[in-house]
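Subject: Handover of a structure and what was found in it

Dear colleague,

Please find the sequence and the structure below.

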Amino acid sequence: MPRRDDISSILIIGSGPIVIGQACEFDYSGTQACRVLREEGYRVILANSNPATIMTDPDFADATYIEPLTWEVVALIIEREQPDAVLPTLGGQTALNIAMELFDRGLIGVPGTPEMIGANAEAIATAEDRQQFKEAMIEIGLDVPRSGISHTMEEARVVVEEIGLPVIIRPAYILGGRGTGIASTAEEFERVASNGLAASPISEILIEESIAGWKEYELEVMRDRSDNCVIICSIENVDPMGVHTGDSITVAPQQTLTDVEYQEMRDAAIRCIRRVGVETGGSNVQFAVDPATGQQVVIEMNPRVSRSSALASKATGFPIAKMAARLAVGYTLDEIPNDITKATPASFEPVIDYVVTKIPRWAFEKLPGSSGILGTQMQSVGEAMSIGRTFTESVQKAMRSLEQGHDGLIDSRSISSLATHTDVELLEMCAIPTPDRLVQVAELLRRGVAVERVHDACRIDHWFLDQILMLCEEHDHLTSMTLDSFDRRAMRRAKRLGYSDRQIAGIVGATENDVRSTRLALGVVPTYKTVDTCAAEFAADTPYHYSTWEDENEVRQSDRTKVIILGSGPNRIGQGIEFDYCCVHASFALREAGFETIMVNCNPETVSTDYDTSDRLYFEPLTREDVLNVIDAERPAKVIVSLGGQTPLKLAGEIDVNLVAGTSAASIDAAEDREIWNRLCDELGIPQPPGGTAVTLEEARKICDEVGFPVLVRPSYVLGGRAMQIIHDHDHLARAMAELSGAGSLGREGGLSAERPVLIDRFLASAVEVDVDAIRDHTGEVLIGGVMEHVEEAGVHSGDSACAIPPQTLPEWVVEVIRSYTSAIAQRLDVRGLINVQFAVVGTMVYVIEANPRASRTVPFVAKATGVPLAKVATRVMMGSTLAELRVEGLLCDPVEGHVAVKEAVLPFNRFPEVDPALGPEMRSTGEVMGIDTGFGRAFSKAELAAGSELPTTGMVFLSLNDTDKPAGIVVARRLRERGLSIAATEGTAAHLARFGIDVDRVLGKVAEQDGTTAIDLIADGTINFVVNTPRGSSGRSDGEQIRKAASLHRVSCVTTVAAALAAAQGLAETSSEPLTVRTLQEFHQR
Amino acid sequence: MSSGQIRDGALVLADGSVFEGELIGAEHVVASGEVVFNTALSGYQEIITDPSYAGQLITFTYPHIGNYGVNATDAESRGVFCRGVIVRELARRPSNYRSEQGLGEYLASQGLAGIAGIDTRRLTRLIRSQGAIPGAFGGLSESELLVRAQQESGTDGVDLVSTVTTTDSYTVGSGHRRIVALDFGIKTTILRHLGSLGTVEVVPASTSASDVLAREPDGVFLSNGPGDPGMLDSVSREVAQLVGAVPLFGICLGHQLLGRAIGASTVKLPFGHHGGNHPVKDLTTNRIEITSQNHNFAVDADSFTGLERDVHMTHVNLNDGVCEGLEVRGAQCFSVQHHPEAGPGPHDSIYLFDRFAALMDAQRSSGKAVR
């Protein structure tokens, strides 16, 4: 069946901001879908609130709505655009839920409204509703764990009585397992079940027999309109059941099922997709297998493209999202050519001849108070994937891809860090799933603890344990060697087991460089193999490669001018999709300009690791060795290190200076080196907050005595305000320095040294922060891309703060000063490409805080706000073009004005109810949204709505302000009153407001004193639907902390700065006068 | 397995290519044969025990082989008929509740040699571009191995069926339908499926048509098997006498023999189809089946025109257009090139056994010879 001609326009719903459980994989899938559907000649309408995505580039859709993703807003888009169809299966759970809300209201999927393509409402309901799904599976003869559904705690207690503990609790209609948990005792059950009911938008939980410890598998299935079904990939979890699949270490293909068992699972997956009724596209079916009997049960099914399908696409080379989009518009699998072989059809099952390992990356160090224990609720913020010919090679590559200081699975550091634990302790530790479990397991095996004992503790399959044991045996073997004793065989053997040069160096007591030279002298070099979907059965031209240590290298040399772009590795807080956006744009810009582009990255979620984004893709860890190997193999003209965040920037010094594109490594260092930087600012006469650098506590004390408290303390060479703190006294300073110098997680990342000192600055309280992104070319022309004024005052990390383009409160001449300072700094640093400069404005005094001659997190936001493709322009400038040339070429245009764009951060606190959601200098947001409209208030309201904290139009606001914020609180309270909201306040705040004639409806006592109703009770029962709580420095935090945690647990919007409260009040004022309207980015960008 | 036990070895191909590796499985054996590859991700035991691989060295493209061990139920025949296995990595500790033995031990117990540590992707690419090629590995010098490899004639023009067929007839299954299965190297899984349809008498490949018909079967099954169908003209002649006399169902070599029996020709493919992921379209229903494949020869569908009987291609391989199935209209005969029984591989084509049963039942109720 060919392309459908009865529809001509299609609305794609995106997935919104990056949150835990829903990351850039949906930018990858959405971007592919947009591309394919436009290629097919459809008018593509896109809705997504996330400005950092590739898909929201105005080039990718005919109409791009960067608008909040709520059903109400999407309904406005539908009303305005009248699409023929809605494709809801490529935007994660967000898109699916919105589609269901629209369907329930008769706005899509019923006659006279846009058709739902990909999956219809009935199929979505069958897969998503736990009870319906279970019944459907039983109906077709598949086993499911025993379970029952509950909507209240009373029902829940009856169900658990029948099933018996332990049980697993899964809320309906949630993503990434939010609110899910295992309960082994009655007390745990009460807690987990009530959390689950709160997390489910329809207050429904499934209580299920726990099968923790069983083996866990996933199959990726595709189906077309003619009911042809194929399995794209099988995935086996190294972590047994009990850990969310997003938090599990996973391997593709499956390793430990016989063909008989595998085919049984394959049949079940196909029956499942047919019964659920996903008409076209991809689905993910999860299974658990009892290792003792082989019994298989179906766990769940996602009737849409998922995180696992992104992984499966990258693992096999089969572009699931692209295919899903084509199938949705009527094609059948046999009508679509296999993208990779070109000669064979897509109606086949990919086979691979390598092993893929995915390891998640967590951010517990940024979330003090969180348990760090993995469970059925996803907590990781990113993942690294690796490809090796064998599991041993693959898992070692994945460990170093994480960029958490591992040189492989077993290295000197992991051994010494666990040295104080006895075997028995380690066995107990590895029984509890944590991010460190694999390293603990490896250490036990290295110490000679039997595979059986380790298996009994951690339940990881024997096969995986034996593979790890092989790595341990090799480690033992290497410890008996010196670098001189290596022959070619010994070196090749270690390399084939995935040992990195650095890891070998640590074991034999040599430097990484010595190992590298020895290895090269022995002629042991990596070979690059191709990912081709067919295990070499057919000729393939795919430019998708991975390194391994075999006989034959498949990469053919070309004689075009090549540029390597180093990507940003696994997502983490502070370094995410924004940098992938920049890398992808660099590749696009350079391809358009005739260069051959080569991408190196290891993040499977991204657009950059799509094999057709660049001319070639190397799926490799971003370490010195792996990157130098690719450089040796490709011999590029230039290497781009400044677009992927801190990851590639750290490698700048390792690469031949002549190869680094754009700003030199020396200039990058000049901006980081405090002494050079101070001198530069002095010479330019640009004021800085007073401060200095310290390596020891004594030095730090001295600086604080000079500049006075409070001070801002931050380590050098980190991103996202890692370990950044505002310090009010000497005790606190001592604690902070101890953490930085070794004990804490940052110590593990390198500690302190003369090269990596701590920066200490006088903290400018209540200053306005300003961010500037600019580009300078080699002629010295500087382009100011955007000046962003932060909503939250200095002290809140810029990544966690809302900001606006253009600046809203700064006088025009202050902005002019900021622009001049930026140009002068760029000039002095001899920047070639992007630079980001941060300023703090106190009154009319402009201080420079720091400058970073690289792409910043805000580059995509600025591009979407102004219509100037900053990343592309910067890339061309790095390769030698001038801004003037790019203007003539048409790539560079003037910014569009006449609207306001607000970026708002999205924070992960609802997943970590034990963590205080107050904002601070350490960045903790996982993603961002943009609101764009005619005025600041309207844009801010949209941004808040998009970020999931809708400003209330009715109900009760709770105000609890510290003394400094009380004056501004008067304004906030008055505005809210004017909008008809009632107000609750703490005694102090209420008394203050009363003095200025503002009535408070309820005065609430201290939480700690527990007399009468507290704010927490009113938050829990839904009376209070908006919280303004500003922390009181380090002393009075506890009461406020409990209130903020309660708000995040009950999903009540909570702002922790008075500036945000003022913005919210302004937003309310502007939106109540005129309802929200939607407009495309293309319209905003019209000149 | 400590490093002390590693036996270095090499695989040498007839074109002189050398692959370094470590010898596994049976010791003191030099293996030689035609090198083919199989892309299946699981099912190594079924593949190694499939008699259709007689005379061949099997390269597994998936690097980890042996992960779930070996068990008695998954064997496709009474032993091994391939000449050796070539892998990247042999699992030393199997893990599966069904496992009874490690693959390495099993190979040794069967006297089958293997070689591990091979860059199997390089080998596969070489076979893909040059075609199936003879090779040899074992504890000899590279030059000795080269000689062995060059002495191998491959599978063209060799009758391998006589080395794998049963010597005596035997019966499996139960039920009212009577099926005679001509054993050219029949797989256990096929017998299991046929056995669920009726009582199956398995007879040697050399059984004559009259002998077959004397057993008054409701249907005759032509099994899979190794090698060149062109070497089995005596068999094709007997099959020709069965066409029209009794419902016939053929799989793999059985399909090729049916083709030759009705006058179609067979050709050798450059490197064959060996794997579990080939898309085949049923031209009657237009549905796509993902199929299990293992053959080097194929029926040439272009040779159907002008045949005495009304022969149609019923299934086609979507990767390369190779004929995957044929039917002889009016004669109750059909056959497929791929393996509907799986073992290993997907079950998408299992319906073909039901089709065979339906043919037999229709024939029985009509109570007369087909033509």
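Helix H28 of chain A (residues 812–828) has 17 residues, and at 1.5 Å a residue they should span 24 Å; the C-alpha atoms at its ends are 25 Å apart, so the two values agree. The expected span is 1.5 Å times one less than the number of residues in the helix. Helices (H or I, at least four residues) and strands (E, at least two) are DSSP runs, numbered from the N terminus.

Before going further, please note that this is a predicted model, in which local features need pLDDT of at least 70, side-chain atom pairs count only at pLDDT 80 or more, and totals for chains, interfaces and linings use all residues. Residues are numbered from 1 along each chain as its sequence is written, while chains are lettered from A and ligands numbered from 1 in the order in which they are written.

On confidence, the predictor gives the complex an ipTM of 0.96 and a pTM of 0.94. Chain B averages a pLDDT (the predictor's confidence in each residue, from 0 to 100) of 94, and 97% of its residues score at least 70.

Which residues of H28(A) are buried? They are Val814(A), Ile818(A), Tyr821(A), Thr822(A), Ser823(A), Ile825(A) and Ala826(A). A residue is buried if 20 or more other C-beta atoms lie within 10 Å of its own, exposed if 12 or fewer, and partly exposed in between, with C-beta atoms placed from the backbone. The cover over these buried residues includes helix H24 (674–684) and strands S27 (768–776), S28 (782–790), S30 (833–842) and S31 (845–852) of chain A. After H28(A) comes Asp830(A), which has a positive phi near 55 degrees.

Loops of chain A

Two cis peptide bonds deserve attention. One joins Leu165(A) and Pro166(A), with omega about -5 degrees; Pro166(A) lies in the loop between helix H6 (153–163) and strand S7 (167–171) of chain A. Another joins Ala252(A) and Pro253(A), where omega is also about -5 degrees, and Pro253(A) sits in the loop between strand S12 (250–252) and helix H8 (259–276) of chain A.

Gln82(A) is not a glycine, yet its phi is positive, near 50 degrees. This residue lies in the loop between helix H2 (71–81) and strand S4 (85–87) of chain A, and it counts as exposed because it has 12 C-beta neighbours inside 10 Å. Ser203(A), also not a glycine, has a positive phi of about 50 degrees. Its loop runs between helix H7 (186–199) and strand S9 (205–209) of chain A. With 14 other C-beta atoms within 10 Å, Ser203(A) is partly exposed.

The loop in question lies between S28 and strand S29 (803–805) of chain A. Not counting residues up to four places away in sequence, Ser801(A) touches Glu769(A), His790(A), Val791(A), Glu792(A), Val796(A) and Ala905(A). Two residues are in contact if their C-beta atoms, placed from the backbone, lie within 7 Å.

The nonpolar core

A nonpolar core is a set of buried Ala, Val, Leu, Ile, Met, Phe, Trp, Tyr and Cys residues joined through C-beta atoms within 7 Å. The largest has 458 residues, of which Ala99(A) and Ile640(A) touch the most other members. Helix H20 of chain A (residues 577–592) gives the most to this core, ten residues. Domain 1 (7–151) and domain 2 (161–366) of chain B both contribute residues, so this core lies between them. These domain bounds come from an automatic or database domain assignment.

Contacts between domains and chains

The C-alpha centres of domain 1 and domain 2 of chain B lie 28 Å apart. Their contact takes 23 residues from domain 1 of chain B and 24 residues from domain 2 of chain B.

Between the chains, the contact takes 45 residues from chain B and 45 residues from chain A. On the side of chain B that touches chain A, the largest share, six residues, comes from H3(B). That side has 14 nonpolar, 17 polar and 14 charged residues. Here Ala, Val, Leu, Ile, Met, Phe, Trp, Tyr, Cys and Pro count as nonpolar, Asp, Glu, Lys and Arg as charged, and the others, Gly among them, as polar.

Yours sincerely
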